[in-house]
Amino acid sequence: MPRFSVIVPVHNVQGYLHACLDSVLGQSYRDLEVIAVDDRSPDGCGAILDDYAARDERVRVLHLEENVGLGRARNAGMPHAAGDFLLFLDSDDTLTPGALRALADRLDETGDPDVLVFDYARTYWWGGTRRNVLAHVLAEAAGSTFTAAERPEILDLLMVVWNKVYRRDFVEREGFSFPPGYYEDTPWTFPVLLSAERIATLDRICLYYRQRRQGNILSTTSRKHFDVHEQYARVFRFVDARPALAHWRPFLHAKMGEHCLDILSKPDRLPPSDRAEFFRRTAEMFHAHRPSGARVPADLRVLEGSYAGYVLRRRATRTGRELQRRARQARAATAARAVRARSLPRRPLDPHLAVYSAFSHRGMLGDPAAVYRAARELAPHIRGVWVVADEERAAGLPPGTPHVLPGTPEYRRVTERATYFVNNVNWAGTLVKRPGSVHVHTHHGTPLKYAGADLLDKPGARLHFDVPQMLRRADRWDHSLVANRHSELVWERAFPCHFTSLRSGSPRNDVLVRGDEERARATRERLGIPEGDTVVLYAPTRRDYRRDGLVERIDLARFAADLGEGRTLVVRLHPTLADGPARGLGLSELHRRGVLVDATDEPEVQDVLLAADVLVTDYSSVMFDYALLDRPVVVHADDWDAFRASRGAYLDVTAEPPGHVTRSYRELAWLFASGAWADEESDRLRAAFRERFCEYDDGRAAERVVRAVMLGEPLPEPAGDPGLVPAQTAGRDLLTPS
């Protein structure tokens, strides 16, 4: 008996069917069966299914004699299911890698509940990906099992069949089945969740919900959308037959009204001539099923009136939105005029005021934070003020830290008068650089990937970049901090502007040069790493050949298992992936289960680097920082050619690496199993890498910046050739990329 029976109704989806079936049959978890129901598909789906069945004994195909629709096609598959759990997968959607393993583990963990609700992400035809906005509901319910009455917020999730797995004997005992027509999920999901005695959740994206440009049934203009009324009538009949569920009637009544009004608001659902009739039927049903004494929510009171009143309200809403849009435009124009008016402010610069920001106002982080701390010690007469994005970020600052929020009068006052500006991201275009002010740009680290003007030859990589605007903002730089001559040449080529390269080293890396063991121990304790474990840090970067930047190069659960006892896998995602679907594709769930440690939210990457015994990365600039610790580095370069072609690279990191290079997972696993990751060849490669790229880092970078820029002292000499190097202002090619 398999663990999962995956039921796939199929109709007119031959272009998507291979991807759907491959996503199931290619899962690492193989205790499954696929019951594919050919709903009299007019295209080549039947032949495709037969071909899969001939090649994989786990696939069984049912060819229906007539087209019965999505719901009844699922019904046809259920009697043939032998698995412990049922999973209904639409034939244009796909499972994510590792989904079934994660589902099986969660079912074991929760003792085989009646229903397990999991997360999903929408994937759009134009390449975008968006996670379920209510994913937090799943995370908050991730403890023990519960009922819908104990956690009613579970019913706020999308009421569809495909984001859940169901214990088969529970479904059979209750006699659940799908009705005909559109919105067939409604009279399935509500009764199922209201009847379940044990519900569990999995905060992991297990399914990609494909948003097709054309062909989506529910986006088809048709009278079939009237089916929604009978589907809710079925829900009410179910509740009426079970007195214990009577208290759910007000909730279901409101859900029905919201759902029907949502359908009516969509321009592509109902024929224009049928919209008034749909409203009237909805209003009649809303009145007929209204529980005695129930309060009608304000946004549903329109159903107590006429269709003409509904239309007038819709028009008023659209008019209000248009007025708000115009008001925003007017405010923006007024603000722009005010900025221009302040371009020559009358108040003099304050020579004792410095403004700091890091990572688009995320907080006191990175190089700017290191310079700020050094300035407080070496130049206490200079007052430092931080720009932070919002009050939440401000709350994370050390107590008593002066700060302002963007767009406020306080922000305008300090940016008008400050002499010093320190940032690792370009300041907003509205900030006017006054004569006499000094802008210090710290960058994010030593560059491996193309940046600035070099992106003009990489149309894919500059998808989200306005390069000319970037260069106009870089024209405000006075000093560009560099940690090595490689960085110096790259920044002067990539940003042909009138700045001066300051051979300072990277201020944020002073702590790495000093090797703060106490800070490393504190980080290990905070992350829950067992004492004595070898910490393997995996820090991948984003990919520009994917719109969302996410490419899963390694099966993290497998890697953690293959590392074996006494080794802890710590993962830190690229900052641009931290808030997207990447965490939901298994990382958060593996962290919760203790399989690995997710350190993406650690504020300072240097803390994570200090805690690690070995770094595994691909093409992240973090390798240049980690080399300062003189600990082993492994470069996992299985897609190097694709990465270099799409983004561009200033050096071939596979030819001049800081350690061993692997080009497949098999090689990576062998490297750690054999112990070769820390052999003499690794030491030799790292020594050469350090000699080239750790040139100016000596633990005094922050001090060097403060003394040279704020105190006007001669530049303290780092290792290597000292001095300020005038920047390249023309487009002359100073560096030939590999």
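How closely do the axes of helix H7 (residues 186-195) and helix H9 (residues 249-265) come, and at what angle do they cross? In this predicted model, the two axes come within 13 Å and cross at roughly 155°. Because angles over 145 degrees count as roughly antiparallel, that crossing makes H7 roughly antiparallel to H9. The crossing in which H7 passes H9 is right-handed, and the residues that meet there are Thr-186, Phe-190 and Leu-194 from H7 and Phe-251, Leu-252, Lys-255 and His-259 from H9. Sorted by class, this contact of H7 with H9 holds four nonpolar, two polar and one charged residues.

H7 also packs against another helix, H8 (residues 227-240), and here the axes come within 8 Å and cross at roughly 25°. H7 and H8 are therefore roughly parallel to each other, and H7 passes H8 in a right-handed crossing. On the H7 side the contact is made by Thr-186, Pro-187, Phe-190, Pro-191, Leu-194 and Ser-195, while H8 contributes Gln-231, Tyr-232, Arg-234, Val-235, Phe-238 and Val-239. Eight of the residues in this contact of H7 with H8 are nonpolar, three are polar and one is charged. Thr-186, Phe-190 and Leu-194 of H7, listed here as touching H8, are also the H7 residues that meet H9.

Side chains of opposite charge can pair when their charged atoms come close, and a search of the whole structure finds 63 salt bridges. One of them joins the side chains of Arg-347 and Glu-416, with 3.2 Å from N to O. Arg-347 lies in the loop between helix H11 (307-341) and strand E10 (350-357), whereas Glu-416 lies in helix H14 (residues 409-417), so this pair ties together parts that are 69 residues apart in sequence.

How values were computed
Residues numbered from 1 in each chain as written. Predicted model: local features only at pLDDT ≥ 70, side-chain atom pairs only at ≥ 80, totals over all residues. Heavy atoms only, no water. Axes fitted to C-alpha atoms, helices over the stretch in contact; angles between N-to-C directions. Helix = DSSP H or I, 4+ residues; strand = E, 2+ residues; numbered from the N terminus. Parallel < 35°, antiparallel > 145°, perpendicular 65-115°, else oblique. Left-handed = near helix turned anticlockwise from the far one by under 90°. Contact = heavy atoms within 4.5 Å. Nonpolar A, V, L, I, M, F, W, Y, C, P; charged D, E, K, R; others polar. Salt bridge = Lys/Arg side-chain N within 4 Å of Asp/Glu carboxyl O.
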